[in-house]
Amino acid sequence: MTPEEAFEFVNGLFIEKNQPKLRPVEKAVFIGIYNNFTYPEIANETCWTFQYIKETGPKLFRKLKEILEIDVDKYDFVSEIEKLWKQHSENSQSSQKPLTELPNVAVQETLPPAFPSQSEASLIAKKKLCNPFIPLNAIVDNPQQFFNRHREIERVFELLNSNSSVALIGEEGIGKSSLLIEICRQSENRLLSPRQPIYLDLNPLHNEDEFYSALCDEIGISKSKGYPLTRALRQHQDRLLLTIDNAGKMIGKGFTRNLRDHLRGLAEGSDAPLRLILSAGEPLAQLFKESQEQSKTSPFSGIFRDQDIKPWDEATARTFIESRLKTTSVHFTEEEITQLVQKSAGHPRQLMQGCYRTYARYMEQLQ
């Protein structure tokens, strides 16, 4: 079983037990430990700091013990996970076909019905990867798939290193979320004053209580808000780079001005506990008009510098298509490329979807 297969197996068990899926940082720790990496090695390969990885490890072990009832540590991690998988495999097989009818097949080589064999998984992966124009709608969190935005990233770190917070402004699907992930990944090497990167998406959060719970969970501290949170962050050994995706949700039901006031207070000053990056569909001055309180200035006024995220120009769009086709035997015609660029107007998501459909037609012709 590969580390990725082991993670998907365990993550599936969490879902079966109606538990939240493991978080990205937990996945990084899980796969890293399965590969026999040390915490510093895991931190070096990811966007999270050594301290955060070190804190996440024991918490992950406790979660596995509480929910899956397996007692693990760094040293017996692989053996305990594989033992759990073997038990799950045996239970699944016994409910369908007696093991005595499979004399030539070792139990540990037979995966549960809901989990494909390694050879099947390999074939599935190849089928999924045969079209290089992915992901179609999701965030690009694979650094090898992230494309361009060098100037925007350069500008963002220039602003962060001048003690400013940043607002990424752009239309839906332009790539703001993917850019936030990439900024978190690069922050360890590009921030003059080190900060632990935290990515927080507001879309699945419904109110301020859930916001504070998610924030404290990502940081690795006890749930708190108001002054107790301020005190905890000031005492925390790492300063934080908090990236908030879909910030427009903060004007909706369940969120108040108090949250924005608090975030502003935590982000002011060169040694502030937080440095903020927000992503939004329109400039913050328009988004947070505070129309109901005309006598008051918006809490976010003056601390953010806008960075517009615009569609790709024609040259960039063409380079993107070429880069994705480079590892395949398919070549789009000049007419197809021109139509794809013009129809998408350089919008990354629309261009990706158009290229996917064009590539799929080539694959159909080969079948």
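Tutor: Happy to! Let's begin with one term: two residues are in contact when they have heavy atoms within 4.5 Å of each other. Please also keep in mind that this is a predicted model.

With that in hand, look at helix H13 (residues 314–325) and helix H14 (residues 334–344). On the H13 side, Glu314, Ala317, Arg318 and Ile321 take part, and they meet Glu334, Ile337, Thr338, Leu340 and Val341 of H14. Sorted by class, this contact has 5 nonpolar, 1 polar and 3 charged residues.

How do we describe such a pair? Two packed helices are described by the angle between their axes and the distance between the axes. For H13 and H14, the angle is about 125° and the axes are 10 Å apart. Because of that angle, H13 counts as oblique to H14. The crossing of H13 past H14 is right-handed.

Now follow the chain onward from H14. Alanine 345 sits in the loop between H14 and helix H15 (348–366). Its phi is near 55°, a positive value in a residue other than glycine. Alanine 345 has a relative accessible area of 55%, so it counts as exposed.

Asparagine 18 belongs to the loop between helix H1 (3–16) and helix H2 (24–34). The phi of asparagine 18 is near 60°, again a positive value in a residue that is not glycine. With a relative accessible area of 71%, asparagine 18 is exposed.

One more loop is worth a visit, the one between helix H6 (118–129) and helix H7 (150–160), where proline 135 lies. The peptide bond leading from isoleucine 134 to proline 135 is cis, with omega near 0°.

Let's turn to buried positions for contrast. Threonine 243, in strand E3 (residues 240–245), has a relative accessible area of 0% and is therefore buried. Not counting residues up to four places away in sequence, threonine 243 touches Leu180, Cys184, Ile198, Tyr199, Leu200 and Ile277.

Alanine 214 is part of helix H9 (residues 208–219). Its relative accessibility is 17%, and because buried means under 20%, alanine 214 counts as buried. Alanine 214 and leucine 202 are 12 residues apart in sequence, with 9.6 Å from C-alpha to C-alpha.

Of its 367 residues, 46% are buried. Among contacts in the chain with a separation of 6 or more, 70% are between residues 24 or more positions apart.

How values were computed
Residues are numbered from 1 along each chain as its sequence is written. This is a predicted model: local features need pLDDT of at least 70, side-chain atom pairs count only at pLDDT 80 or more; totals for chains, interfaces and linings use all residues. Side-chain values use heavy atoms; hydrogens and water are left out. Helices (H or I, at least four residues) and strands (E, at least two) are DSSP runs, numbered from the N terminus. Buried means under 20% relative accessible area, exposed over 50%, partly exposed in between (1.4 Å probe, protein chains only). Axes are lines fitted to C-alpha atoms, for helices over the stretch in contact, and angles run from 0 to 180 degrees between N-to-C directions. Angles under 35 degrees count as roughly parallel, over 145 as roughly antiparallel, 65 to 115 as roughly perpendicular and the rest as oblique. A crossing is left-handed if the near helix is turned anticlockwise from the far one by less than a right angle, and right-handed if clockwise. Ala, Val, Leu, Ile, Met, Phe, Trp, Tyr, Cys and Pro count as nonpolar, Asp, Glu, Lys and Arg as charged, and the others, Gly among them, as polar.
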